[in-house]
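Here is a short tour of one protein model, written for someone new to reading structures. Keep the sequence and the 3D view open while you read.

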Amino acid sequence: MPPDVNLDVVKDFTGKVRERALEASTSQALNPAQQVVQIVNEELVGILGGKQRRLEFAKQPPTVIMLAGLQGAGKTTLAGKLAKWLTKEGHTPLLVAADLQRPNAVTQLQVVGEQAGANVYAPEPGNGVGNPVKVAKESIKFARDKQYDVVIVDTAGRLGVDAELMKQAADIRKAVDPDEVLFVIDAMIGQDAVNTAKAFQDGVDFTGVVLSKLDGDARGGAALSVAQVTERPIIFASTGESLDDFEPFHPDRMASRILDLGDILTLIEQAQQAFDEEEARKVAEKFATDSFTLDDFLRQMQQLRNMGSIKKMIGMLPGAKGMREQLDNFDEKEIVRTEAIIQSMTKAERVNPKILNGSRRLRIARGSGMTVTDVNQLVQRFEQAAKMMKTVAKGGVPQMPGMGPVGAGGYGGGRKKQQQKKAGSRSGNPAKRAAENAARASGSAAPTSSGGSGFGLGNKGAAAPSEEELAALQKMLGR
């Protein structure tokens with residue numbers, strides 16, 4: 001369990017898991033440890049709401065969405081994220097500046113609205129001037145006249161829950177009669193999430209929850225606490241600072257992230273949005289015909305960058321918690337530096353890197369602000385990657401550098417030649433030779449250093465993809 005889960009929620013959860021585990025019938029397909037993981041996963045999904053809950057739109061537009069929450073929860077930024085997401089879904093949202101209390105709140109919403117490509121209704125300057133209830137009410141008529149089909153009302157917050165905050169929020173709700181009231185809560189708030197959510201539920205009531213600043217699975221405790229205590233569904237999650245770091249909330253996927261089982265479906269959806277299917281087909285053909293160039297490599301990296309943070313994408317893979325240190329040390333700007341090197345090359349050099357001599361590599365290094373070693377490493381990595389992908393495109397098994405072929409059992413094991421040592425071979429190191437002799441005497445295999453995954457991370461707790469995930473992956477690959 002994440003450390004920020006409410007104590008009552010923990011007690012209720014552990015009680016249900018214990019009860020189900022004791023009553024679980026013996027399964028031929030699962031061992032006891034797998035049965036426990038399955039029970040925990042199912043209970044987590046249940047606590048998080050069971051099924052995904054979508055926004056409910058009005059039969060007669062505009063659909064009115066009111067945002068409520070404490071000051072600092074990220075309501076204004078989230079209003080822009082929601083507007084941008086709705087625009088992608090084919091809607092025409094209007095942002096309403098009804099937070100007339102916080103300094104520069106109106107200006108901030110206007111800036112966010114411009115970034116999101118959404119118009120803002122702001123008849124009052126704010127900074128303590130204007131009636132927020134009147135602004136919210138008049139915005140509905142304005143939206144209807146201008147044919148906006150969704151109205152997003154950004155309301156004021158306080159540093160803490162108080163009577164004045166609740167009265168203003170309740171008055172705005174009564175004036176606009178919203179179709180959805182979304183309670184925005186900071187996922188970093190921890191144990192206070194429950195008390196804050198209860199206060200808003202009693203004072204204003206809300207139809208759904210939006211978690212802001214939810215970076216991966218590390219802060220899933222707030223999601224567990226709020227969903228369980230308020231019995232209101234979590235509809236959206238904000239996962240970063242960018243306006244694109246916003247996604248519908250899926251209880252089953254969040255449960256998988258918490259259990260470190262990965263979130264392959266969300267990763268696939270992001271890939272489908274960022275990668276052009278026709279371009280992917282052309283690249284696959286180039287791999288098969290050995291005509292993949294550094295220009296193609298550059299376009300692939302740019303599409304990869306459009307997907308968002310590389311760290312977040314890797315964090316969606318099963319077993320990502322084991323890569324926490326590697327992820328923390330990963331430099332997102334590495335792609336930018338690689339682009340600079342490639343863009344410093346001529347067209348002929350990008351098509352055939354083998355023509356690069358020492359003087360040309362020095363010129364490229366100076367032009368990109370990098371070193372000759374960086375240029376050499378890029379060319380070497382490109383050639384290795386192109387060779388591997390050509391093998392995959394032709395249906396073969398790639399030879400991972402220093403690892404050997406990738407088999408059905410996953411990465412690891414070292415080169416085949418290293419695995420098939422002669423029976424009489426012995427290490428020149430006395431300590432290793434003694435270990436080998438002891439292993440032979442006990443009839444067990446001599447210890448090796450090749451265990452674990454190809455990333456040196458082991459393979460603990462990594463679950464196989466579900467049928468749904470495999471089907472989605474095959475669909476994306478066009479199979």
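## The sheet

Eight strands line up as an open sheet with mixed pairing, in the order β3-β2-β4-β1-β5-β6-β7-β8. At the edges sit β3 (119-121) and β8 (246-248), each pairing on one side only. Neighbouring strands here are turned by 25 degrees against each other on average, direction ignored. Some terms: strands (E, at least two residues) and helices (H or I, at least four) are DSSP runs numbered from the N terminus, and two strands pair if DSSP finds at least two bridges between them.

Strands β1 (residues 63-68) and β5 (residues 180-186) run parallel and are joined by four bridges. Leu67, for instance, has Leu182 in β5 as its bridge partner.

This is a predicted model, where local features need pLDDT of at least 70 and side-chain atom pairs count only at pLDDT 80 or more, while totals for chains, interfaces and linings use all residues. Residues are numbered from 1 along each chain as its sequence is written, and side-chain values use heavy atoms, leaving out hydrogens and water.

## Helices on the sheet

Helix α5 (residues 132-146) packs on the sheet and touches β1, β2 (93-97), β3 and β4 (150-154). Its direction makes about 155 degrees with that of β2. Helix α6 (residues 163-176) packs on the sheet too, touching β1, β4 and β5, and its direction makes about 180 degrees with that of β1. Contact means heavy atoms within 4.5 Å; angles run from 0 to 180 degrees between N-to-C directions, with axes fitted to C-alpha atoms (for helices, over the stretch in contact).

## Aromatic rings

The whole structure holds seven aromatic pairs. Rings of Phe, Tyr and Trp (its six-membered ring) pair if their centres lie within 6.5 Å; planes under 30 degrees apart count as stacked, over 60 as edge-to-face and the rest as tilted. Phe183 and Phe200 make a tilted pair, at 4.9 Å centre to centre and 35 degrees between the planes.
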